[in-house]
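Hello,

Here is the structure for you to open alongside this email. My notes follow below it.

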Amino acid sequence: MPAQQYLLETLGIEPAAEGEAIGPMRRSQDERWNTNVAAARQFHAREGHLRPARKHVENVNGELIKLGAFLDNARKRAAKLSAERRGQLAGLGLEWAAQEGSA
């Protein structure tokens with residue numbers, strides 16, 4: 001019996017079926033953006049503002065989102081964001097997002 005199979009059986013781990021995805025799936029930039037915006041909406045609804053600390057982590061459906069870092073990075077890169085993305089953030093009350101080409 002090969003060592004790998006012995007270890008799997010000893011630990012009670014079933015090998016992945018043929019064609020079965022292994023490990024976490026990488027998410028697209030749009031999916032990550034939407035998750036971050038959902039975290040921002042949740043924080044805004046609960047706190048009434050959107051000024052979390054840089055290290056703030058928001059729990060969205062069991063997933064921990066680094067909301068503070070996301071907002072800080074988005075503000076620094078605001079000039080490079082699409083009008084649609086700036087509009088989403090401006091809709092949450094972020095004045096810097098409403099200003100075209102702000103940094």
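I start with the second largest pocket. Its lining consists of Leu50, Arg51, Pro52, Ala53, Arg54, Gly68, Leu71, Asp72, Arg75, Leu94 and Trp96. Please keep in mind that this is a predicted model. The volume of this pocket is about 150 Å³. By class, its lining has 6 nonpolar, 1 polar and 4 charged residues. Helix α3 gives the most to that lining, with 4 residues.

Now the largest pocket. Its volume is about 410 Å³. The lining counts 16 residues, and Arg32, Trp33, Asn36, Phe70 and Arg77 lie nearest the centre. Two elements each give two or more residues to this lining: α2 (29-47) and α3 (67-76). The biggest share comes from α2, with 5 residues. By class, the lining of the largest pocket splits into 6 nonpolar, 4 polar and 6 charged residues.

Next, the aromatic rings. How many aromatic pairs are there? The count is 1. The partners are Trp33 and Phe70, with ring centres 5.1 Å apart and planes at 70°. Planes over 60 degrees apart count as edge-to-face, so this pair is edge-to-face. Trp33 sits in helix α2 and Phe70 in helix α3, so the pair ties together parts that are 37 residues apart in sequence.

Trp33 has 7%, so Trp33 is buried. Phe70 has 11%, so Phe70 is buried too.

The buried ones are Leu67, Gly68, Ala69, Phe70, Leu71, Asp72 and Ala74. Gly68, Leu71 and Asp72 also line the second largest pocket. What covers the buried residues of α3? The cover includes helix α2, strands β1 (58-60) and β2 (63-65), and helices α4 (83-90) and α5 (95-98).

Best wishes

Conventions: Residues numbered from 1 in each chain as written. Predicted model: local features only at pLDDT ≥ 70, side-chain atom pairs only at ≥ 80, totals over all residues. Heavy atoms only, no water. 1 Å grid on protein atoms, 1.4 Å probe; cavity = no way out; pocket = protein on both sides within 12 Å on 5 of 7 lines; lining within 4 Å. Points joined across faces, edges and corners; volume = space filled by probe spheres on them. Nonpolar A, V, L, I, M, F, W, Y, C, P; charged D, E, K, R; others polar. Phe/Tyr/Trp six-rings, centres within 6.5 Å; stacked < 30°, edge-to-face > 60°. Buried < 20%, exposed > 50% of the residue type's maximum accessible area, 1.4 Å probe, protein only. Contact = heavy atoms within 4.5 Å.
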